Amino acid sequence: MIRTRSKRVLLVAPHAFPDQLLDEYDNVKHISAITTIFPSIHELKPDVILFDHAHMIGNMERILRRLQTNPFYKHIKICCYKHTESVTADATLKVLGVHHMIYHADLQKTSKSNAALTAINNLVNASLVKWVAGVA
């Protein structure tokens, strides 16, 4: 789901976020309480913060403005996950400091294309195995 490499990621999402998706990542911290965002930033010192827009809807602007005005947070990349695209809301978020927008439809396209590539790779591998078995 999230390519982390050596980056520290702070994920702000509701309790319903599946914890099994984060089991393999040791440098991703998941929080659901909006009041713990800034203490978690000081504790983790993340490189990336990923906000769930639906979870943050009432507090998003206030938190983004606070992140923009304080020079301590200037190195942090901010990403926002949204279910649907909205031109005016997305433009406002970009102005407030969001670097990347991730949409639900984009994730679906990626998973479908990955599934198609996997199916093609499996077909090629199966035909190679048959060919090698025929040669032997």
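A search of the whole structure, a predicted model, turns up 2 aromatic pairs. The table lists them.

| Pair | Centre to centre | Angle between planes | Class |
|---|---|---|---|
| Phe38 and Tyr73 | 5.6 Å | 55° | tilted |
| Phe72 and Tyr73 | 5.3 Å | 80° | edge-to-face |

The pair of Phe38 and Tyr73 links distant parts of the chain. Phe38 lies in helix H1, while Tyr73 lies in the loop between H3 and strand E4 (77–82). They are 35 residues apart. Both Phe38 and Tyr73 are buried.

The planes of Phe72 and Tyr73 stand at 80°, so this pair counts as edge-to-face; the cut-off for that class is over 60 degrees. Tyr73 has a relative accessible area of 4% and is therefore buried. Phe72, at 37%, is partly exposed. Ring pairs join Phe38, Phe72 and Tyr73 into a cluster.

The charged end of Arg66 sits over the Phe38 ring, 3.7 Å from its centre.

Now to the helix that carries Phe38. Helix H1 spans residues 37–44, and its buried residues are Ile37, Phe38, Ser40 and Ile41. These cover an arc of only 160° around the axis, so they fall on the same side of H1. An α-helix has 3.6 residues a turn, so residues three or four places apart point the same way.

How values were computed. Residues are numbered from 1 along each chain as its sequence is written. This is a predicted model: local features need pLDDT of at least 70, side-chain atom pairs count only at pLDDT 80 or more; totals for chains, interfaces and linings use all residues. Side-chain values use heavy atoms; hydrogens and water are left out. Buried means under 20% relative accessible area, exposed over 50%, partly exposed in between (1.4 Å probe, protein chains only). Helices (H or I, at least four residues) and strands (E, at least two) are DSSP runs, numbered from the N terminus. The arc is that of the directions from the helix axis to the C-beta atoms. Rings of Phe, Tyr and Trp (its six-membered ring) pair if their centres lie within 6.5 Å; planes under 30 degrees apart count as stacked, over 60 as edge-to-face and the rest as tilted. A charge sits over a ring if NZ of Lys or CZ of Arg is within 6 Å of the ring centre and within 35 degrees of the ring normal.
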